[in-house]
Amino acid sequence: MSKRQKAKLSRGIQYAILIVIAIVIAFTADWPTLIETFGRVDIAMGMFPQVLNALKNTIVFTVLGFALGLAIALVVALMRLSSVGVYRWLATIYIEFFRGLPALVVFLVMGFGLPVAFQGFILPQLVIIMIALGLVSSAYMAETIRAGIQAVPKGQVEAARSLGMSSSRAMFTIVLPQAMRIILPPLTNELILLTKDSSLAYILGSSVDGRELAALGRAEIVNSANLTPFIVIAVCYLIITIPLSYLSRALERKYGSADSGVK
């Protein structure tokens, strides 16, 4: 039997196993109970229009956190590549610290730790969420940006310097535009992760209008004593993340290598 025939046989066996598993699940699952627990249409419809407001809040939190995180990450990445040792050490400490902390801890410190440490110092909830998400994402994005900058051929900088450009001007006009094209796919993946991290905002509490998806889902599950809101919220997250996943793959095909961004 040739390799091609063996591969075809292997795929056929795998498909057959999957079909058997699907049939077993279809005939053994307690569908009435599953539908009653997870598929109550009346409960799902009762979540509108609140779910649309929660979806909007989730997007707003994510975009603000990503924007702040990207700004911090750019500064930290440049410090990480600096010829000044103190800058490199500070950037390394920052990156390792926030990469090592669970995102939940950052939210707890920002939401409850700061008001205790600095009495009377209370930030608006939107600002707290933005800062927490920005800190969580910036450490990861800083390493991504650093890798993108280092992927740009050194000849680009040497050519810019030979034309009389300063190091900073060469970095911002020559290196960074090329590096950003290289790192667009991983940055899009980071945006997806940040969308899911925004669900941690529920621990801060919020008004009805300020709820994001996770907070709304938790409240609706308690009110209805049913898990249908969990499915609704999951679908809402997929509405955000699936298009971003396709965008990431499209960007990866276009700018997937350093060579594609440097011509």
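**Close-up views of a predicted model**

**View 1. The loop that holds proline 49 in this predicted model.** Proline 49 is found in the loop that runs between helix H3 (41-46) and helix H4 (50-80), where helices are DSSP runs of H or I with at least four residues, numbered from the N terminus. The peptide bond that joins phenylalanine 48 to proline 49 is cis, with omega at about 5 degrees. Residues are numbered from 1 along each chain as its sequence is written, and side-chain values use heavy atoms, with hydrogens and water left out. Because this is a predicted model, local features need pLDDT of at least 70 and side-chain atom pairs count only at pLDDT 80 or more, whereas totals for chains, interfaces and linings use all residues.

**View 2. Serine 137 within helix H7.** Serine 137 is buried, having a relative accessible area of 0% (buried means under 20% and exposed over 50%, with partly exposed in between, for a 1.4 Å probe and protein chains only). A polar atom of the serine 137 side chain lies 3.0 Å from the backbone oxygen of leucine 133. Leaving aside residues up to four places away in sequence, serine 137 touches Gly65, Gly69, Glu190 and Leu194, contact being heavy atoms within 4.5 Å.

**View 3. The largest pocket and its lining.** The volume of the largest pocket is about 340 Å³; a pocket is an open set of points on a 1 Å grid over the protein atoms alone, with protein on both sides within 12 Å along at least five of seven lines, and lining residues have an atom within 4 Å of a point. A volume is the space filled by probe spheres set on the points, which are joined across faces, edges and corners. The lining of the largest pocket consists of 13 residues, of which Leu81, Ile149, Gln150, Val157 and Met171 lie nearest its centre. Helix H7 (125-151), helix H8 (154-162) and helix H9 (167-197) each supply at least two residues of this lining.

**View 4. The largest cavity and its lining.** In the whole structure, a search finds one cavity of 30 Å³ or more, a cavity being a set of grid points where a 1.4 Å probe fits but cannot get out. The largest cavity holds about 30 Å³ of space, and the residues that line it include Phe61, Gln125, Tyr202, Arg211 and Glu212.

**View 5. Alanine 225 in the loop between helix H10 (213-224) and helix H11 (228-255).** Alanine 225 is a residue other than glycine with a positive phi, near 55 degrees. Alanine 225 is also exposed, with a relative accessible area of 70%.

Note on methods. Polar contact = N/O pair within 3.5 Å; in protein donor to acceptor, adjacent residues only side chain to side chain.
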